Every structure is written in structure tokens, then in C-alpha cells.
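Morning, everyone. I have one model to show, and I'll keep it brief. Here it is.

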Amino acid sequence: MNETYHASAYKTAEAYIYNIPKFTTKNDLNHTGRFLCELGSPALHKKIIHVAGTNGKGSVCAYLNSFLLSDGKTVGMFTSPHLISMNERIRINGEIITKEEFSAGYEEVKELIDKLAGELAHPTFFEMLFLIAMCIFEKRQVEYVILETGLGGRLDATNVIQKPIVTVITKIGLDHCQYLGSTKQEIAGEKAGIIKEGVPVVYLKSYRDTALILEKRAVKMGCPMEGLEEDAYIIENFKNKSIDFSYKSRYYDYIPFIVPTCALYQVENISLALRAYECIRSDGQIHVKELQEAVSRTKWEGRMEEVADGIYVDGAHNEDGILAFLDTVGRMRCKGKRILLFSVVSDKDYKSMIKILTDAGIFEEIIVVCMKDKRGLSIEQLKENFSFCREARICFFPTVKEGLFHALEEKAGEDMVFAAGSLYLAGDVLSLIRQEEVK
């Protein structure tokens, strides 16, 4: 009976939160701050790590989480979006919180919303999830909290945090341009909004067009700057299942690591996380073996993840993400043919993404599918945007499930299947695999 009740409570909470965008609009940080204050300022006194950027935020959070856990710390982590279930966004000590715990956090926040109805506007979808996460982190008494921004940085609900212990800004690219700006420099300005007075900033110095924007803000705020140079890491060996690389530590020379993934972009993300961890451990007490083990056991779903034999799922969903995805796929040894399962949502620069994918010429077949998400493109729109492609065989399916099953029917011997274009697509494929509808 309890299990039935908990399942019902979670479904109720999830349905309510999904419905929020229908009746509320963007709130300012004062609004988020007022709600946190009314909740008793949960988790605001914790050691908070704030992470922004376009690509790689979730991965950096995951690796930082592993480094802190290897040091015996208790850690709460809030990330977005989720791939399958909403409670994935909140993790404690590396574990997704239970649906029961999520429901309890929801009830606490919902009770306050009802109490303040008429006085304060309803929290947004993301704001609500952030409030729930902070309540749960407080209840579980974690020592560290890792917060990933949702959209941008300056106006993001998580930016209500005034004194994080370190700020991390990952690679910046063109995404959410309708909200953040039409150039990488404009977007960098929005991401730089999370930089706080005197707080160390870890960023990628090698991308000078955006690094200059971050550095200008950091100087203005009197922040120590930890910019990763081009020589911060060296890739030693690439295999289909792992990458060997060396990281240039602040406290040692180069430290060797083995990453159990073929995703080349994770080397940059791991290096950012390592530098942030070294900032946190400013005493220099870095235990190399523990960090190496932490890297080897960290898994972040949907990032060049091999979900079944020869089937890879990647969350690439913008131009830079697609380029990074292709860089990895192009280096992978494949004795058969490469098959791509692709979909995209309408608010991305999908025309550029499709052109980059088709120009690459590395897929013998591209299977294009429609997603259930309301922002997904129709079959007609997808066909129109692939009409110019002559380098690969293109086929279209009305659902992810039909497209995935076709890909598996086409896959033979040492062929490889890749799914990319949207995190929603990644979630759908993972869900199908986990439901054992696909063997």
C-alpha cells in the first residue's frame, strides 16, 4: 500500500510541475530569493559550486561530484534536464533521490506556494525544481552542493546564490540564442553573470573569443582566475572503449588518467572539473590515486554512452555539440557501416546541425524520427530539411521506437548505430532500452 501511495504521490508531483509552464512566466531573482527565505533559506549555508556554460555542464558536475565523494564528502547535485524521470535532476552522494523523497520535497514547496498565493507569483518550472532540490539538500545535511544553471546564468534561478566557493564556466557556444544573444560573446556575458565577488573562476582560457568576456568580469569582481590553457591536457591514446590522457595539475606535473568512454569532449570536461577541485582543495592535499579511480568509475548518462552492443547515445543538441560528437565518431574504428538515428527540436538551429551532419559524410544511413515533445519537428519539416542530402541513404519514421527498431534491423555484424540531435531523443532511446523493448 505504501509503495502504491508513493508512486501516486510522485506522479501527482510530476504532473503538476509539467503543467507549470501553462500558467506562469519568468520571475526575477528577488522572487526566487523570497521563496528560499520563506522556506528557511535551505542549503544556502552549504559549500556551493556553481556551474554554467553551453556544453559539458552536467558532465563537469558529475566528475566534480565523484572527486568530492572520493575525498569522503557528502554531496548534493542539481542538474538539468532529466533524460527519463524528473527525480534524476537531484542526486545525493551520486545516487538519484527516491521518488518518495522527491514527493516529500514537492509537498514542502507546494504548501508554501499555496500559503503565499496572491502575494507571490507562482514559481516557474525550473524555479520549482530548484526549490525542491534545496529543501532536500538541507534535510539530508550534505556538506557540498553542486548547482548547474538551467538557462544562461545572470538571470537563472540558481544565481540567487551569493557566495559559492568556486564558479565553473564550461565551453560556450551558440544555443538558446533567442534568450541569450546571437553571438558567443553575448552568450558569454550572460554566463559570466554567475561570477561573484572574490570567488575563484575556472574556465577555458584557450577559447579566447569568450574567455576575454569572462576575464573582464572576473577582474571587475576581484576574482582569482583559473583558466585552462591548451596544454592543460594531452590525449595519449584513443580507443573505442576508453581514452588515455594526462592532466597538468596545479600541484604536480602531468597526471595520467584512463576514461572509460570514447567521448573525446569529456577530456576537456574532466580537466575543468579537476582544476575546480584543486581550487576547492587549496591546501594542495590531492590524492592522485583516488582521483584516477573517481574518473574511471564516473558515468554520465547519454553522453556517447554505449547502451547496447554497438549502439551509442549522445546528447549533442547544438552546433558545437554535433561537431564534438562527429569528432568522436570519426575517430572510432568501425569495420561495418555507421547508422545515425536523428531528431531535433524546433527551437534549435537545426538547419545548421543537419548540414554539419550530412556534410561530414561518415554515415551510410541516416534514420530521421519525430519525437513526442511538442517542440519536435514534423515529418514534413524534417523531410524538407534533409531534401538536399545525397551523401547518405535517408529514411523517415513517425516515432522514435519505429526508427530505433529499423536501425536495429539494419544493423549487422560490426555496424554501429548512433543516436544524436536532442537530449529528448537520448532519453527516449534510453527509456526503450531500459524497458527491454530493445534487446
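**Helix packing and strand pairing**

Start with a helix contact: Lys184, Gln185, Ala188 and Gly189 in helix 7 meet Asp209, Thr210, Ile213 and Leu214 in helix 8. By class, that contact has three nonpolar, three polar and two charged residues. Keep in mind that this is a predicted model.

Now the geometry. Helix 7 covers residues 184-191, and helix 8 covers residues 208-220. Their axes lie 9 Å apart, at an angle of about 35°. The crossing of helix 7 past helix 8 is right-handed.

On to strand 1, residues 47-52. Is this strand mostly covered or mostly uncovered? Mostly covered: five of its six residues are buried.

Which strands does strand 1 pair with? One is strand 5, residues 144-148, in the parallel sense, over five bridges. There, His50 has Leu147 as its bridge partner. Another is strand 6, residues 166-169, also parallel, joined to strand 1 by four bridges. In strand 6, Val168 is the bridge partner of Val51.

Look at strand 10, residues 243-248. Six bridges join strand 10 to strand 11, and the two run antiparallel. Within that pairing, Tyr247 stands opposite Ile255 of strand 11.

That's my tour. Over to you.

Technical notes. Residues numbered from 1 in each chain as written. Predicted model: local features only at pLDDT ≥ 70, side-chain atom pairs only at ≥ 80, totals over all residues. Heavy atoms only, no water. Axes fitted to C-alpha atoms, helices over the stretch in contact; angles between N-to-C directions. Left-handed = near helix turned anticlockwise from the far one by under 90°. Contact = heavy atoms within 4.5 Å. Nonpolar A, V, L, I, M, F, W, Y, C, P; charged D, E, K, R; others polar. Buried < 20%, exposed > 50% of the residue type's maximum accessible area, 1.4 Å probe, protein only. Pairing = 2+ DSSP bridges.
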